Structures are given as structure tokens and as C-alpha cells.
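I opened a new page in my notebook today.

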Amino acid sequence: MLSYLAGDDEVYLFALSRERGPHAYTLLASGTQVRQRVERFRELISEARPGTALGDLKLTELRQLGKDLYDILLKPAEAEIEKAERVMIVADGPLHYLPLAALSREIVGEDGVKRDQYLAEWKPFHSVLSATVFAELKKDRRDPAKPDDGTALEFVGFGDPIFPASVTLKDPEKIADIRLRSAARQGTLELAPLPNTRREVEGIAALFPPNREQTFLGAEATEEKVKAIGRGARILHFATHARLDDRFPLNSSLLLSMPESFPEDRENGILQVWEIFEGMRLDADLVVLSACDSGLGEEQGGEGLIGLTRAFQYAGARTVIASLWEVRDEATAELMIRFYRHLTSGQPKDQALQAAQRELLAGPIEIPGPDGQTIRFDATAPYYWAAFQVIGDWK
């Protein structure tokens, strides 16, 4: 466990492992300096994509800054991490926004040559709010010795939502729903079609027994269907748009299929954080928010980020997987299908995500094109594979 305390002036690291008791380190950077480096690292991630001279240059800068952040944040405990099977992070301040898997460290290969290694190639990472919360999550794990009565669905997936023309035309004054109209006026409403999300949900569902999975796609992917799930699903998967509200984090939301005219007797398709806190109660081993910025929220000292992730944890999800930036749906679909393939083969959640990340990192992947042809896609840059984090119980 690596637990951080980030003030404006100093940053402290508390490391704990079975082999060694708790140790504290004062890191060689102030909280302000760490925040600035994290912000620049996130900027570079969105710019550093292979294939162009500028993208390759940004990728080099990204790797260097990743090594600098590794040296500051993790190297003091490197010997303990090396012996560990997995790493649990208790983040603070700007570290809530840092994708640790995309940091780099310098290693010496078997051939004696030095090279850079992404942390995703080294160890699986997951994060928790605190050690106390993790202890409670462990107590609440489903007992594998207790037989399942067969009534709960192993997988329920939502994807490829449909949005009315009044919303997608980007003319705020024509939007009937006041909350959507307000979001459109602010310029924070993005409802482009997500064609790969259908492939994503269908590809994942195919990995589960036919009588133990259910999918809601297109017009069926509604807010009403989500709220009706209750405690009857072990895994909930959302492949859709997410909307982050920086000013009012309880209004951040998942965007589902919306009715054309927003009648009063229908939900509006905006599943907001406050609604999840107030009305949803789950018994889920995993909720996956396969959407842009779904892991972000308002930073509150000692409380972490208030947003979709916290809302689903409060509702009863033992683990949430969510993203730290705007993701590409074709690469995300491939990452998620691969993640579930490893998960259903018996790997823990953190190792399953790491395995999927390493597969994208290994080289160009083949994905279905819009006309049914196969396309080779270079998803090796961290932008494509490092956005998603395992939050909560790794098992």
C-alpha cells in the first residue's frame, strides 16, 4: 500500500507491506510542483500519439516526465514494490488524476541494455479511498463457497444510446429538458454517436452464459432500465457518454437513450450522481463506466473525488472501473473486450486490466472497420490504454 499526503509545500508517502512495517518518506517535490507536473503529464497524454513528428516528439516528452514523476512518487519505495504482487494506492490531491500505469521507470533488460518500462508492464495497480475502506470491502466480498441461487445476472450491459435530433443538433433553445438545455448552453454537452459501444457490449456479453447476461442497446439503453436493475446484477457495464459538471459535481451524469419529446412520465436519460446516491442500491462486484472522464469529480480534502465513481461505490459496487480523460470508443471497445476476456478466465480485476493494457501496448491491434473490413490500429500510446483505473477491491 502506498498512501500519499499532498500539501502545498510537502508531499509524504506512507508505504506498508507484509515484509516491512509502515515507513514514511518526505518526497523531493512540493505539492504545488507535483500538481504542475501531473497537469502537464495529462496534457501530454492527449497530445502524444504515434504516427506524426509532433506526436512522436510529445511521446518522448511524456516518457521523460513519466520517469520524473516515478522518481518523485514511487522510487523511494521501489524495493518494496518490487517484492509485491500488486500495488494499492491511496491518492491525495492531484494524484487522484494521475494514471500511474502510464508512468515509466528505467530498467536493465536481460541483454544488459537500459530501456524504459511503463508501470503497466511491471505491476497491477488499484486505488482505494483509505485502508479502512479497503478493510470493509474485503469483509463484504462475496463468499465463493456460498452457492449462487441462479437468479442474479452475471453481466448487464448498456450501450449505443440514442439521442433525439433536438439534442444532437446543438441548438440549446430547441432542447425541451431544462437540464440538457443548460448543459448545451455551457458547451459541456457532447452527444456524438458511439457506434463501437454496441460492438463492445455485445462482445463482452458473448463471454458470459446466455442465461446469465442481459444487454440493453440503442433505444433500450434507458435510465428506467438502469434504475430497475437493483441488486440483481453482479457486473454492470455502461458504454456511453459521461458528462462531468465541474461546478456542481452531484450533477455529473451518465447519458443514456433519451425520449424525443421528454414527456413528464419518462426519465430524461440523464443518470446524475445525486440520483445514484439517493435512489440506487446495488449488490455488484463490479461497475464499469466505459465513458469519457467517468473517474473524475470534485476534489475534497480527505474525501477524494465526488463524482460517478463515489456514487456507484455508495450504491453498493465493490469495485468501479472508470476513466481519467476523454477516451476513443474504438480503442476502448477493444480494451474492454480484452479486459473481460481475462476476467472471465479467472484473473483478478487489477491483473485483468493490466493484461488488456499490455496487449494494446504490445503493438498495433486489428479492429472492425465501419464497412466490415479489418483495420490495423496503433493503440500503443498511453492515451489509448491508460485512462481506466480499478477503484475499490481488486479481487
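What radius of gyration would a compact globule with 395 residues have, and what does the protein chain have? I looked it up: the globule would be near 21 Å, and the protein chain has 21 Å, which agrees. The radius is taken over C-alpha atoms, and the globule rule is 2.2 Å times the number of residues to the power 0.38.

I noted the source. This is a predicted model, where local features need pLDDT of at least 70, side-chain atom pairs count only at pLDDT 80 or more, and totals for chains, interfaces and linings use all residues. Residues are numbered from 1 along each chain as its sequence is written, and side-chain values use heavy atoms, leaving out hydrogens and water.

Next, the whole chain. I found 13 helices and 20 strands (DSSP runs numbered from the N terminus: helices are H or I, at least four residues; strands are E, at least two). Along the principal axes, the C-alpha atoms fill a box of roughly 60 × 55 × 45 Å. Of the 395 residues, 55% count as buried (under 20% relative accessible area, with a 1.4 Å probe and protein chains only).

Then I turned to one helix. Helix α11 covers residues 329-344, 16 residues in total. From first C-alpha to last, α11 reaches 22 Å, close to the 22 Å expected at 1.5 Å a residue (1.5 Å times one less than its number of residues). Is α11 largely enclosed or open? I found 14 of its 16 residues buried, so α11 is largely enclosed by the rest of the structure. Just after α11, Gly346 takes a positive phi of about 115 degrees.

Definitions and conventions:
Buried means under 20% relative accessible area, exposed over 50%, partly exposed in between (1.4 Å probe, protein chains only).
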